Amino acid sequence: MKKFYRVRRWLFAPLVYLAAIFLLIEEWLWATGARIMQVVAQFPPLHALEAWIKRLPPYWALAIFVLPAVLLFPVKLLALLAIARGHAFSGIGVIVIAKLGGAAAVARLYSLTRPALLGLPWFARWHGLFMETKDRWIARLRATRPWRRVSRLSAALGRARRAWWQRLRKGTPGRHNSRPARVLRRFAAFWRARRR
């Protein structure tokens, strides 16, 4: 029996790693999308639109909340069609952009419509059940060794990216003052000078 559990753990380990990676990416998309939409929402017409969305009755709020998924579904189908026709790079690019835009829109709409949606008894019941189940499964995933490894790797990559970006912006000499960094700085300086 012990051997069975060892084999099962060995077989499911790649799935746990994939789940951990997927969850980290999803959390990053949700947080980044929410931050982007908060900045975009400062634009006065969008600020007025958000105020209008907050005042919607529950079923209208539900329709607005579902709208991004409905609008992005045909876009994703067209991207899959592009991939099937041999335009893999374009199709994958469209899917990634749709995922980023959809996550940003859904994150913001969720925060705007949640009070109205929780006024629907069936939505409140399913929302509570979904959140409870999600939290339980995420807690189980976070307790695993693959989650800790992927989380440490993600944190290390984030620190390295931030350090690289700081060195790139400062233009410090050294091994990170590479040719691509110099080309990017020249390109940025060229466009800044051209806008004046």
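1. A residue is called buried when its relative accessible area is under 20%, exposed when it is over 50%, and partly exposed in between (1.4 Å probe, protein chains only). In helix α3, the buried residues are Ala61, Leu62, Ile64, Phe65, Pro68 and Ala79. Helices are DSSP runs (H or I, at least four residues), numbered from the N terminus.

2. The model is predicted: local features need pLDDT of at least 70, side-chain atom pairs count only at pLDDT 80 or more, and totals for chains, interfaces and linings use all residues. Residues are numbered from 1 along each chain as its sequence is written, and side-chain values use heavy atoms, with hydrogens and water left out.

3. Helix α3 comprises 27 residues, 58-84. Its first and last C-alpha atoms are 40 Å apart, close to the expected 39 Å; the expected span is 1.5 Å times one less than the number of residues. The helix has a kink of about 40 degrees at Val66, shortly before Pro68. This bend is the angle between axes fitted to the seven residues ending there and the seven starting there.

4. Helix α5 (residues 121-142) has 22 residues and should span 32 Å, which agrees with the 31 Å between its end C-alpha atoms. Phe123, His127, Ile138 and Leu141 are buried in α5. These four lie on the same side of α5, because they cover an arc of only 60 degrees around the axis, taken from the directions from the helix axis to the C-beta atoms. Pro121, Arg125 and Arg140 are exposed on the other side of α5.

5. Phe43 is located in the loop between α1 and α2. Phe43 counts as exposed because its relative accessible area is 52%.

Key:
Helix = DSSP H or I, 4+ residues; strand = E, 2+ residues; numbered from the N terminus.
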